[in-house]
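Please look through the sequence and the model below before reading on. The report then moves from the whole chain to its parts.

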Amino acid sequence: VSNAGCGPCTADNCNDCTGANCNERTCIKFDVDGGGTYDATNTEKCGNMGKCKRPVYTVGDTMLGSVDYGCGACGETENCHDCELVVVPVQRTTVKTAPRLDDNNCNTKPTAGADFQCKQYLWENGAYALKASVTCQRYYDFENNCNGPVEASVENDVSMEGCGPCTADNCNDCTGENCNVRTCISLDVSESAAYDATNTENCATM
C-alpha cells in the first residue's frame, strides 16, 4: 500500500481513488432476514477497498437465497451478486499504470425492468394445469424468464406460478414472453389422417 495510503497505487493488491479520505470502501448494509426495510443510505465501512455484495433477485421483489447486503465478495456463495468500484481510466506516470477507482455502495438493489408475460401453471386435482398468461415483473438479474413443470403429475416448485427462472426440480425455464408452454405436432395415426407439421397442440409441460 503506497505511502501508508497516500497517493496513487504503485504495486499490486491495491486500488486508488480521488478525493479526501476516499480510500475506505463503504457498502450498503441490510440484513435481509432481519425484518427491516432496505435503505440505500444505510452503509458500513469495509476497512479495505474490495467488493460489495447483495442477494440475487428474480421476479418482483423475490430474492434467491438469503445473502445479506454488505462488504465482501461472494466467493463460492450461490445466489449472490458482488460488484467493484466504477473504473475510470486515467493517465499515469507512476510505476504502476492502473485504473483509478471512484465510487462506493455499488451493491444497490436492482431496479425493475419492463413487465412481461408468462403462461401460468396451477396445481389442481393432482396435476399442474396450464392457464392463461399472467403479468410478471422483471429485475435485471435475469432476462424475461418463464418456467413450467417437466412432468405435470409431479408436484414441485413451479416458481411464481410460471414467472421467473426455476428454483427447484421438475422444472424447466426459458427466455421470452409466454415461452413456457411446449407445443408438439399432433396426429392421430389410427384415423389415417394426413401428416401436417402445422397441426400442433399445447402440452402443458416443459
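## Overall picture

How many of the residues of the protein, in percent, count as buried? Of its 206 residues, 32% count as buried, and it should be kept in mind that the model is a predicted one. The accessible surface of the protein comes to about 11900 Å², and 45% of that surface belongs to carbon and sulfur atoms.

The protein has 14 strands and zero helices, so that, because a strand here is a DSSP run of at least two residues, even a very brief run can be counted as one. Read from the N terminus on, the elements follow the order β-β-β-β-β-β-β-β-β-β-β-β-β-β. Among the contacts between residues at least 6 apart in sequence, 54% join residues at least 24 apart.

## Strand β3 and its partners

Strand β3 covers residues 52-57, and five of its six residues are buried, which leaves the strand mostly covered. One of its pairings is with strand β6 (residues 80-83), where four bridges join the two in the antiparallel sense; in this pairing P55 stands opposite C80.

Strand β3 also runs antiparallel to strand β5 (residues 70-71), to which it is joined by two bridges, and here the bridge partner of C52 is C71. A further antiparallel pairing, again over two bridges, is with strand β4 (residues 63-64), where L64 is the residue that stands opposite V56.

Which residues make up the largest nonpolar core? This core has seven residues, namely F116, C118, V134, C136, C146, C163 and C174, and the elements that give two or more residues to it are β9 and β10 (127-136). As a general background, nonpolar side chains in soluble globular proteins tend to be buried together.

Strand β9, which spans residues 116-124, also holds Q120. Is Q120 buried or exposed? Q120 counts as buried because its relative accessibility is 16%, and the cut-off for a buried residue is under 20%. When its neighbours within four places in sequence are left aside, Q120 is in contact with A129, L130, K131, A132, V134 and E161.

## Salt bridges

How many salt bridges does the count come to? The count comes to three. In one of them E44 is joined to K29, with the closest N and O atoms 3.8 Å apart. This pair links distant parts of the chain, since E44 is in strand β2 (residues 43-45) and K29 is in the loop between β1 (26-28) and β2, 15 residues apart. E44 is partly exposed because its relative accessible area is 21%, and K29 counts as partly exposed as well, at 41% relative accessibility.

In another salt bridge the side chains of K51 and D82 meet, at 3.9 Å from N to O. Because K51 lies in the loop between β2 and β3 while D82 lies in strand β6, the pair ties together parts that are 31 residues apart in sequence. K51 is partly exposed, with a relative accessible area of 31%, and D82 also counts as partly exposed, at 23% relative accessibility. There is also a salt bridge between the side chains of K131 and E124, at 3.1 Å from N to O. K131 counts as partly exposed at 30% relative accessibility, and E124 counts as partly exposed at 31%.

Which residues make the nonpolar surface patch of about 420 Å²? The patch is made by I185, L187, V189 and Y195. Among them, V189 is found in the loop between β13 (183-185) and β14 (200-202). V189 counts as exposed because its relative accessibility is 68%, and the cut-off for an exposed residue is over 50%.

Conventions
Residues are numbered from 1 along each chain as its sequence is written. This is a predicted model: local features need pLDDT of at least 70, side-chain atom pairs count only at pLDDT 80 or more; totals for chains, interfaces and linings use all residues. Side-chain values use heavy atoms; hydrogens and water are left out. Patches are made of residues with over 30% relative accessible area and no salt bridge: like charges are joined within 9 Å, nonpolar side chains (Val, Leu, Ile, Met, Phe, Trp, Tyr) within 5 Å. Accessible areas come from the Shrake-Rupley method with a 1.4 Å probe; for residues, only the protein chains shown count as cover. A salt bridge is a side-chain nitrogen of Lys or Arg within 4 Å of a carboxyl oxygen of Asp or Glu. Buried means under 20% relative accessible area, exposed over 50%, partly exposed in between (1.4 Å probe, protein chains only). Contact means heavy atoms within 4.5 Å. Two strands pair if DSSP finds at least two bridges between them. A nonpolar core is a set of buried Ala, Val, Leu, Ile, Met, Phe, Trp, Tyr and Cys residues joined through side-chain atoms within 4.5 Å.
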